[in-house]
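Subject: Structure handover

Hello,

Here is the structure you will be working with. Please open it alongside this email, and then read on for what turned up.

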Amino acid sequence: MAPPRIAPRRSLDALPAYLPGKPSEDADVFKVSSNESPFPPPQVIADAIATSLQQINRYPDMGVVAPRRALAGEFDLPVSRVAVGAGSVAVLGQLVHALCEPGDEVVYAWRSFEAYPVVTGVAAATPVQVPLDSHYRHDLEAMAAAITERTRIVILCSPNNPTGTTISQAEVDALLAQVPEHVLVVIDEAYREFVDGAEHVDALATFRAHHNVAVLRTFSKVQGLAGLRIGYGFAPEAVVEGILKVAPPFGVSLPAQAAAIASLTHEAEVEFGHRVRALVGERQRVRAGLLEQGWADRPGGLPDSQGNFVFLPLCQDGPEFMDFAMDRGLIVRCYGHDGVRVTIDVEKANDRFLEICREWIGRSGTTA
Ligand SMILES: *Cc1c(COP(=O)(O)O)cnc(C)c1O
């Protein structure tokens, strides 16, 4: 039989095929592999979702105007500079689609968020990956040097997923001083609320001060709406127009829009404040435990994570650690031969993680 002639375009061959995750039926297994919030939605959000269901026979507003207005009010921006999509990953994907012709270049750090190569490849743009420095931080000088005539977008992730390191205002300012006008600098700050004590760029102020800066934010992490799919961004007006043009029709559901608006209420924000403080406290406790176990003395050290997760630079031992943790009821995320990322969750899950780390480091005997 002749081989099938219909196949996806060749440039998609480089992208990872979808691999179903391993869902756990076991109630005593903690899934700490996706940086999700361990908390259910606050009542005000649950109520808004329930009310929205009464209108689910209607299409949602395609321009996502109500949440965009609410966000514009919250951050004192014109609606025309606020984009909302089905998750901030979708906003970024639309942004790349809107800006890049095939072969245009998108510069980002590596290792960084796994969605960056995907959104770049889907748009048939060319990824330019700039290695993190030896402290797992963005190397902004190298990123500036990687910009060419074909570069349309530079993505910065702060705190960086998966290493948790932040980018300072001075570093971003120095980059912007070198970036040509035709390049949009996108700052993805999905984990901004979890930053405590590290220098971190003020992305919104930077956006206000420059014509070629955009910011991405999400409702998936602190607000715990990962399952509803809604995220947003601030971008120059023409970029927002492009993002809306390439949007999948009616992509942001009515419950998602209602939940996002409810999450901006005072009541919800007070609750999120408590949750962030609890998770940051747990992250600090976990870090202290890891330091006490000697993880900072291993090759690669222990990056200072400012997200709702920690990163263990296990290098080639990553896959083995992942299995080791799995056998002990903890599902973690392994990044090839770079390391393992573990989400900060409820106290019991974090205790189990520390226990597993203690057993691992004792067994492998690699403390300095
Ligand atoms: C989780 C995460 C997001 C959020 O994605 P959504 O599509 O809004 O769920 C964005 N950027 C980074 C770096 C993330 O880790």
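This is a predicted model: local features need pLDDT of at least 70, side-chain atom pairs count only at pLDDT 80 or more; totals for chains, interfaces and linings use all residues.

The cut-off for a disulfide is 2.5 Å between two cysteine sulfur atoms. Take Cys 315. The closest cysteine sulfur belongs to Cys 334, and it lies 11 Å away, so a bond is ruled out by distance. Cys 357 is in no disulfide either. For Cys 357, the nearest cysteine sulfur is again in Cys 334, at 14 Å.

Are these two cysteines buried or exposed? Cys 315 is partly exposed, at 29% relative accessible area. Cys 357 is buried, at 0%.

Next, the overall build. The protein chain holds 12 helices and 12 strands. Its C-alpha atoms fill a box of roughly 60 × 55 × 50 Å along the principal axes. For 368 residues, a compact globule would have a radius of gyration near 21 Å. The chain has 21 Å, which agrees. Buried residues make up 50% of the 368 residues.

Contacts along the chain are worth a look too. Consider those between residues at least 6 apart in sequence. Of these, 73% join residues at least 24 apart.

Now to a pair of helices. Two packed helices are described by the angle between their axes and the distance between the axes. Find helix α3 (residues 88–99) and helix α8 (residues 237–245). Their axes come within 8 Å and cross at roughly 105 degrees. Angles of 65 to 115 degrees count as roughly perpendicular, and α3 and α8 are therefore roughly perpendicular to each other.

Which residues meet there? From α3 come Val 91, Gln 94, Leu 95, Ala 98 and Leu 99. From α8 come Val 239, Gly 242 and Ile 243. The residues of this contact divide into 6 nonpolar, 2 polar and no charged.

Last, helix α9, which spans residues 254–262. How many of its 9 residues are buried? The count is 7, so α9 is largely enclosed by the rest of the structure. The buried residues are Leu 254, Pro 255, Ala 256, Gln 257, Ala 259, Ala 260 and Ala 262. What do they pack against? Their partners are α1 (43–52), α2 (65–75) and α10 (266–293).

Best wishes

Methods
Residues are numbered from 1 along each chain as its sequence is written. Side-chain values use heavy atoms; hydrogens and water are left out. Buried means under 20% relative accessible area, exposed over 50%, partly exposed in between (1.4 Å probe, protein chains only). Helices (H or I, at least four residues) and strands (E, at least two) are DSSP runs, numbered from the N terminus. Contact means heavy atoms within 4.5 Å. Axes are lines fitted to C-alpha atoms, for helices over the stretch in contact, and angles run from 0 to 180 degrees between N-to-C directions. Angles under 35 degrees count as roughly parallel, over 145 as roughly antiparallel, 65 to 115 as roughly perpendicular and the rest as oblique. Ala, Val, Leu, Ile, Met, Phe, Trp, Tyr, Cys and Pro count as nonpolar, Asp, Glu, Lys and Arg as charged, and the others, Gly among them, as polar. The radius of gyration is taken over C-alpha atoms; the globule rule is 2.2 Å times the number of residues to the power 0.38.
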